[in-house]
Amino acid sequence: MAEIHPSAIVHPGAELADDVRVGPFCVIGDQVKLGKGCVLHSNVTIEGPSTFGENNEFFPHCYIGGKSQDLKYAGEPTYLEVGHRNVFREYSTVNRATAVGDRTIVGNDNHMLVSSHMGHDCRMGDHVILSGFAAIAGHVEIGDYAIVSGGTVVHQFVRIGEHSLIGGGNRVPKDIPPYMISEGHPCVVRSVNTIGLMRRGFPEADIQALRHAYKKLFLHKDTIIAQAIEELLADEVYGKNEYVLRLIEFLKTSKRGYGH
């Protein structure tokens, strides 16, 4: 049986794995499913329909699975789907989706730090960090290993590329290219996320290729991106690199544009 503190309230329609621990004054709503090893420390509120994998950890006063804050939302059945080993720190919030049957998705091994927020219909990959007071609006896509620093606000429908780093206290109205550091008001690309890539085991040759791509694409404000992409693709060395190709694909499919 799950270990449930006497002061906690668990809806009869919730499903808890046998080893889930629910601390004092927690509230678990209808249609919430918690997998093995999940821990709710105290004063946690989780609403459904929401599904959580294994070993997720919830700290005091986080509010996960609340209804969409989109003004179009009229109470339709929408969902939150969360993977494994995620950490939701104090006062962090994640909202369910807006349209009937849609899902907000959180992957695996992510950290949502104190007072961070992820809005309706977002898609978060794996190993993402939302630092304290970061605010992610609805319909945002966040790639694996991205880091959003504290106090940063992200506009609706923005894509944040994998292995990117956004500086603290920034305004993000456009897409953030993968593998890059971006910062400013509004955010623009500043450099390759070299230290982050090294920590994740990227070979030096790949980092060098991304440095070359950065210089071609972002170093000079008057660069014509389409022309720079053609020159990169024609390069016999760097134009064949898988990460450079992924960066180019991201830029070519951007709908909101990107700061450079």
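The dialogue below takes these features in turn.

Mentor: This is a predicted model, in which local features need pLDDT of at least 70 and side-chain atom pairs count only at pLDDT 80 or more, while totals for chains, interfaces and linings use all residues. Residues are numbered from 1 along each chain as its sequence is written, and side-chain values use heavy atoms, with hydrogens and water left out.

Trainee: At what angle do helix α2 and helix α3 pack?

Mentor: Two packed helices are described by the angle between their axes and the distance between the axes. Here α2 (residues 204-217) and α3 (residues 225-234) pack at about 145°, with axes 9 Å apart; the axes are lines fitted to C-alpha atoms over the stretch in contact, and angles run from 0 to 180 degrees between N-to-C directions. Helices are DSSP runs (H or I, at least four residues), and strands likewise (E, at least two), numbered from the N terminus. Contact (heavy atoms within 4.5 Å) involves residues including His-212 and Leu-217 of α2 and Ile-225 and Leu-232 of α3.

Trainee: How many disulfides does the structure hold?

Mentor: A disulfide is a covalent bond between the sulfur atoms of two cysteines, taken here as a sulfur pair within 2.5 Å. The structure holds zero. The sulfur of Cys-38 is 11 Å from the closest cysteine sulfur, in Cys-62, too far for a bond, and Cys-62 lies 8.2 Å, sulfur to sulfur, from Cys-26, its closest, which is also too far.

Trainee: Is Cys-38 buried or exposed?

Mentor: Cys-38 is buried, at 0% relative accessible area, where buried means under 20%, exposed over 50% and partly exposed in between (1.4 Å probe, protein chains only).
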